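Reader: Hi! I have a new model open and would like to talk it through with you. Could you take my questions as they come?

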Amino acid sequence: MGKIEDLSDWTRKGLKLEKEDKFEEAIACYTLAIQLNPKDYDAWHGKGKSLSLLMKNKEAIACFDKLIQLKPEKGIGWMHKAFALSTSNKFEEAIACYNVVIQLCDGDPLEIVRPWLYGAWSEKGNALKNLGRVDDAEQCFLNAKKYQND
């Protein structure tokens with residue numbers, strides 16, 4: 001790695017490495033950005049995504065918890081945390097996160113939140129299905145269809 005002094009440069013470098021599927025190197029950059037500024041939302045987000053892609057869900061969830069702590073009103077931390085929880089077979093906890101995403105989207109312009117609502121309802125349905133709650137899952141899938149792009 002080159003000598004990069006600017007914290008946003010570390011985050012940008014992490015994003016570039018992440019796009020090249022160099023997740024370990026990206027995580028190192030994000031970690032440096034976070035050391036310089038523990039409130040760097042983009043670095044926490046990138047680090048969590050990279051960890052999640054490496055199936056390091058426990059560490060990823062800790063990053064997504066930090067996202068939620070920094071900006072609880074943003075659905076992205078909740079959604080990523082829910083995915084990581086689902087991947088870890090923690091379906092009840094994932095469902096709770098999907099519910100928060102759905103609640104956060106309430107009242108926002110549909111053209112902005114449509115993909116979030118579709119994803120949250122669909123993934124909530126998958127989590128419910130994994131728990132054997134097929135009827136509840138089917139209702140979620142019907143809700144998701146309302147937000148599916150045609």
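Reader: Where is Asn-89 found?

Author: Asn-89 sits in the loop between H5 and H6. Keep in mind that this is a predicted model.

Reader: Thanks. What is the phi of Asn-89?

Author: Phi is positive there, about 60 degrees, although Asn-89 is not a glycine. For background, most residues other than glycine have a negative phi.

Reader: And is Asn-89 buried or exposed?

Author: Exposed, because its relative accessibility is 56% and the cut-off for exposed is over 50%.

Reader: Which residue has a phi near 65 degrees?

Author: That one is Met-55, again a positive value in a residue other than glycine. Met-55 lies in the loop between H3 and H4. With 53% relative accessibility, Met-55 counts as exposed.

Reader: Let's zoom out. How many helices and strands does the protein chain have?

Author: Eight helices and zero strands. Along the sequence the pattern reads α-α-α-α-α-α-α-α. The C-alpha atoms fill a box of roughly 55 × 30 × 30 Å along the principal axes.

Reader: What share of the residues counts as buried?

Author: Of the 150 residues in the protein chain, 42% do. As for contacts with a separation of 6 or more, 44% of them are between residues 24 or more positions apart.

Reader: Nice. Which residues touch the most other members of the largest nonpolar core?

Author: Tyr-98, Val-101, Leu-117, Ala-120 and Trp-121, in a core of 40 residues. Helices H1, H2, H3, H4, H5, H6, H7 and H8 each supply at least two residues of this core. The largest share, eight residues, comes from H6.

Reader: What does Ala-120 touch?

Author: Leaving aside residues up to four places away in sequence, Ala-120 touches Met-79, Tyr-98, Val-101 and Ile-102.

Reader: I also clicked on Ala-137. Which helix is Ala-137 in?

Author: Ala-137 belongs to helix H8. Its relative accessible area is 0%, so Ala-137 is buried. Beyond residues up to four places away in sequence, Ala-137 touches Gly-125, Leu-128 and Lys-129.

Reader: Now for the pockets. How much space lies in the largest pocket?

Author: About 200 Å³. Its lining is made up of Glu-73, Lys-74, Gly-75, Ile-76, Leu-104, Cys-105, Asp-108, Ile-112, Val-113 and Trp-116. H5, H6 and H7 are the elements that give two or more residues to this lining.

Reader: Which helix gives the most to that lining?

Author: H7, with three residues.

Reader: And how does the lining of the largest pocket split by class?

Author: Six residues are nonpolar, one is polar and three are charged.

Reader: Switching to charges. How many salt bridges does the structure hold?

Author: Eight. One of them is between the side chains of Asp-9 and Arg-12, at 2.3 Å from N to O.

Reader: Why are Asp-9 and Arg-12 about one helical turn apart?

Author: Because they are three residues apart in helix H1. Asp-9 counts as partly exposed, with 26% relative accessibility.

Reader: Which parts of the chain does the pair of Lys-49 and Glu-18 link?

Author: Distant ones: Lys-49 is in helix H3 and Glu-18 in helix H1, 31 residues apart. Their side chains meet in a salt bridge of 3.0 Å, N to O. Glu-18 is buried, at 9% relative accessible area, whereas Lys-49 counts as partly exposed at 25% relative accessibility.

Reader: Last one: which residues do salt bridges with shared partners join into one network?

Author: Lys-16, Glu-20 and Lys-22. Glu-20 is partly exposed, with a relative accessibility of 35%.

Notes: Residues are numbered from 1 along each chain as its sequence is written. This is a predicted model: local features need pLDDT of at least 70, side-chain atom pairs count only at pLDDT 80 or more; totals for chains, interfaces and linings use all residues. Side-chain values use heavy atoms; hydrogens and water are left out. A nonpolar core is a set of buried Ala, Val, Leu, Ile, Met, Phe, Trp, Tyr and Cys residues joined through side-chain atoms within 4.5 Å. Buried means under 20% relative accessible area, exposed over 50%, partly exposed in between (1.4 Å probe, protein chains only). Helices (H or I, at least four residues) and strands (E, at least two) are DSSP runs, numbered from the N terminus. Contact means heavy atoms within 4.5 Å. On a 1 Å grid over the protein atoms alone, a cavity is a set of points where a 1.4 Å probe fits but cannot get out, and a pocket is an open set with protein on both sides within 12 Å along at least five of seven lines; lining residues have an atom within 4 Å of a point. Grid points are joined across faces, edges and corners, and a volume is the space filled by probe spheres set on the points. Ala, Val, Leu, Ile, Met, Phe, Trp, Tyr, Cys and Pro count as nonpolar, Asp, Glu, Lys and Arg as charged, and the others, Gly among them, as polar. A salt bridge is a side-chain nitrogen of Lys or Arg within 4 Å of a carboxyl oxygen of Asp or Glu.
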